[in-house]
Structure formats: C-alpha cells, structure tokens
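Here is a walk through a protein chain for someone meeting it for the first time. Have a look at it, then read on.

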Amino acid sequence: ENVQWLVEHFKNSWPFDMLILDESSSFKNPSSKRFKAMKLVRSRIKRIVELTGTPSSNGLEDLWAQIYLLDEGARLGKTMGAYRDRYFIPGKRNRTTIFSYTPKDGSFDMIKQAISDICISMKAEDYLQLPDFIQHEIPVMLDAKAKRDYDQFERDLLLEVDEDIITAGTAGVLVGKLLQYCNGAVYNNDGKVVPVHDCKLDAYVELLEQFDGEHCLTFYGYQHDKDRILERLERYNKGRRDKLWVRVYKGTEDEDAWNNGEVDVLLVHPASCAYGLNLQAGGRHVVWYGLNWSFELNDQGNCRLYRQGSPFDKVFVHYLVVQDCEDEDVMETIRDRADTHEAVMRALKARIK
C-alpha cells in the first residue's frame with residue numbers, strides 16, 4: 001500500500017539498487033497505481049526478486065505485469081497490448097469493447113519457454129513438513145420455496161420478498177445477488193438486508209456439531225453472512241453448557257486467542273487475512289460459508305491453517321455449496337483457475353537436490 005508514497009517521496013533520488021516484491025501478484029494489474037509507481041523507478045533498480053504463491057490466479061494474463069517488472073518487457077513484450085496480441089485472442093466482446101481474452105493454442109508453452117530462465121517454482125509441500133490437505137464439498141439443498149424464488153430471480157432479474165422488491169439491473173449485479181441468495185440473505189435496492197432462507201445456516205450448524213468440539217475457521221462473504229451466523233450461534237448457545245466461543249477476527253488479539261485455543265469459531269473475511277497471518281495452531285478445520293470468485297483469496301485463505309508449523313497431521317477444508325445455483329459456478333471457476341495456476345507452477349518447478 002505504501003509503494004506509491006515511497007516512489008513519490010524519493011522521486012528522482014531513488015536510493016535502492018535492489019528490490020524484493022513479496023506477494024508480487026498484488027502488482028499483476030498494469031493499470032494499478034502501485035504497478036505504475038514501480039514502473040517509474042524500475043530503470044534505477046539493478047536487481048529485483050519477486051515472490052508469490054499465486055502467480056497466475058486468474059489465468060495467464062496475470063503474468064505480464066509481474067514479468068515486466070523483472071525484465072522491463074524483454075520476454076513478454078513492452079506493453080500489455082503487445083502481450084495480448086501475441087498470445088491471446090479476444091473472447092467475450094461487443095462492438096466496441098473486449099471483455100476477456102482466451103489464450104491461443106500453444107501460448108502456454110511459449111510463455112513458459114520465454115520466462116523459464118528467470119522464474120523458478122518451489123512448492124511448499126516438496127520442501128516443508130506440511131499436514132495432509134483434505135478438501136470436502138458439502139452439498140446444500142434449498143427448500144422448495146427458496147429454490148422456486150431463486151429460479152424466478154435468475155430468470156426475471158426481480159425478486160419479491162414480503163414487501164421488499166429486489167432487482168438486478170445487469171447480469172453482473174444479478175450474479176452478485178444470486179451468490180448472496182445462496183448464503184441466505186440479499187441486500188435490497190436500499191441496502192437493507194432481506195433474509196430469504198436458512199438452508200445454508202442449518203447446514204453450517206450441523207457441520208459444527210460434526211466437528212465434536214474441534215475449532216473451526218469460518219470464512220464469510222458478506223456483512224449479513226457474519227451477522228446472521230453470529231445471531232444463529234447465539235441462539236444455538238442458549239441453554240447449552242458446552243457453549244461455542246465465537247469471535248470475529250479484527251486484529252492480533254483475535255489471532256492470539258485463536259492460536260491459544262480460546263476460540264471455537266473464528267469468523268473471518270478472506271480479504272482481511274489473505275497474507276502473512278499464522279493461524280495454524282488454533283485448529284484444523286476451515287469452512288467456507290460464503291464462496292469467493294477469487295482463486296487467490298481462496299488459496300491464501302486455506303493456507304492460514306495449511307502451512308508449516310501446524311501441530312495437526314491433517315487440515316480439512318469444507319465448502320458449503322448450494323446445489324444447482326451460483327455456488328456451483330463459483331466452485332467450477334475456482335477449480336479452473338487452480339488448474340491454470342497448477343500448470344504454471346509445474347512448468348517452472350525447480351528440483352533442488
């Protein structure tokens with residue numbers, strides 16, 4: 001976040017001849033202020049090292065900006081446009097705008113060959129002692145009314161719940177609201193939270209009971225997800241002797257409490273803890289209540305527990321997936337992006353003897 005400030009502070013007197021960019025995927029957008037700032041001083045830097053666990057979280061397009069900061073365009077082109085022209089063809093588009101690009105046949109191999117002399121890949125599980133990673137998709141079925149309303153909303157871009165009318169003006173807005181619907185509540189046009197079902201909440205509480213007292217890191221998607229989970233767990237605890245101790249992650253105090261075993265359920269938004277947070281000591285169960293389109297946030301979120309220093313021999317990641325709805329599309333997208341990411345990592349893999 002301070003890159004732009006640092007460049008503006010030193011301006012033409014940039015004093016550093018070596019630069020290390022940790023989590024370099026945060027520079028993958030060539031239109032971002034941080035990338036443009038780094039580009040201004042790149043010629044003054046003699047040596048640069050980039051580190052990332054997700055170099056191509058959204059596909060091969062993510063590589064250009066990161067590689068440009070390494071070699072100033074020598075391998076993949078001086079501009080993003082030249083890179084796209086060489087390795088991609090237009091995908092979704094209208095008469096004036098191209099919304100996405102698809103790699104040409106053979107592009108992956110050509111890109112891999114072009115950058116192989118300056119990139120190496122070392123997967124953590126090859127060199128570190130890590131627990132087993134077990135991923136589990138839990139199907140959630142909507143009740144008949146909820147499914148009927150969902151289908152109508154998807155078809156008509158309009159949903160009536162009691163006196164509330166929720167509309168989606170564009171396909172993009174609709175996708176976001178359908179994902180909210182899967183979680184059990186939707187923001188209406190005035191920002192008010194409108195509950196629509198408890199099916200995922202019921203499945204979540206049932207899953208917590210199956211953990212039999214083991215602690216659980218839970219990722220939510222929207223503010224109303226967090227609020228409804230807290231409300232539901234408060235009702236769940238009433239009259240129980242073995243109460244669930246629940247906290248919302250806000251900072252180091254919550255991190256310490258979790259790692260000390262004082263928290264049964266830690267609620268976290270994935271964007272607030274994606275990097276550098278060590279939560280592996282507090283539990284071995286990750287639950288995704290609200291699914292996230294970003295493979296990078298998904299992967300980094302799971303790595304809060306699946307990391308070196310875990311006292312557990314297994315880490316379980318549970319996805320609550322509403323069937324025949326937008327949740328399934330998110331999971332398919334995450335898997336597709338994971339495939340691209342894995343292919344890049346395998347191709348550049350360094351075997352250190």
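What follows goes from the whole chain down to single residues.

First, some ground rules. This is a predicted model, where local features need pLDDT of at least 70 and side-chain atom pairs count only at pLDDT 80 or more, while totals for chains, interfaces and linings use all residues. Residues are numbered from 1 along each chain as its sequence is written, and side-chain values use heavy atoms, with hydrogens and water left out.

**The whole chain**

Confidence is lowest in helix α6, with a mean of 74, and highest in strand β13 (residues 285–288), at 98.

The chain's secondary structure comes to 13 helices and 14 strands. Both are DSSP runs numbered from the N terminus: helices are H or I with at least four residues, strands are E with at least two.

As for size, the C-alpha trace spans about 65 × 55 × 40 Å along its principal axes. A compact globule of 353 residues would have a radius of gyration near 20 Å, and the chain's 23 Å agrees with that. That radius is taken over C-alpha atoms, and the globule rule is 2.2 Å times the number of residues to the power 0.38.

Of the 353 residues, 46% are buried. Buried here means under 20% relative accessible area, exposed means over 50%, and partly exposed is in between (1.4 Å probe, protein chains only).

**Helix α13 and its surroundings**

Helix α13 runs over residues 326–347, and its 22 residues reach 32 Å from first C-alpha to last, close to the 32 Å expected at 1.5 Å a residue. The expected span is 1.5 Å times one less than the number of residues. Among the buried residues of α13 are D327, V330, I334, A338 and H341.

What does D327 pair with? Its side chain meets that of K200 in a salt bridge, at 2.8 Å from N to O. D327 sits in α13 and K200 in helix α9 (residues 199–210), so the pair ties together parts that are 127 residues apart in sequence. D327 is buried, at 0% relative accessible area, and K200 is also buried, at 0%.

D299 belongs to helix α12 (residues 295–302) and is partly exposed, at 23% relative accessible area.

**Salt bridges**

The structure holds 18 salt bridges, each one a side-chain nitrogen of Lys or Arg within 4 Å of a carboxyl oxygen of Asp or Glu. Here are some of them, with their N to O distances.

| Pair | N to O distance |
|---|---|
| R155 and D156 | 3.3 Å |
| D327 and K200 | 2.8 Å |
| D254 and R247 | 2.9 Å |

How do the residues in these pairs sit relative to the surface? R155 is exposed, with a relative accessible area of 58%, whereas D156 is partly exposed, at 42%. D254 is buried, at 8%, and R247 counts as partly exposed, at 29%. Elsewhere, salt bridges that share partners join K28, D62 and E296 into one network.

**Two residues with positive phi**

Next come two loop residues. D212 has a positive phi of about 55° although it is not a glycine. D212 lies in the loop between α9 and β10 (216–219), and it counts as exposed, at 69% relative accessibility.

D324 has a positive phi too, of about 60°, and it is not a glycine either. You'll find D324 in the loop between β14 (314–322) and α13. D324 is exposed, with a relative accessible area of 52%.

**A nonpolar patch**

Which residues make the nonpolar surface patch of about 380 Å²? They are I120, M122, Y127 and L128. Patches are made of residues with over 30% relative accessible area and no salt bridge, with like charges joined within 9 Å and nonpolar side chains (Val, Leu, Ile, Met, Phe, Trp, Tyr) within 5 Å. The areas come from the Shrake-Rupley method with a 1.4 Å probe, and for residues only the protein chains shown count as cover.

Y127 lies in helix α6 (residues 124–127), and at 35% relative accessibility it counts as partly exposed. Do keep in mind that α6 is where confidence is lowest, at a mean of 74.

Terms used: pLDDT = per-residue confidence, 0-100.
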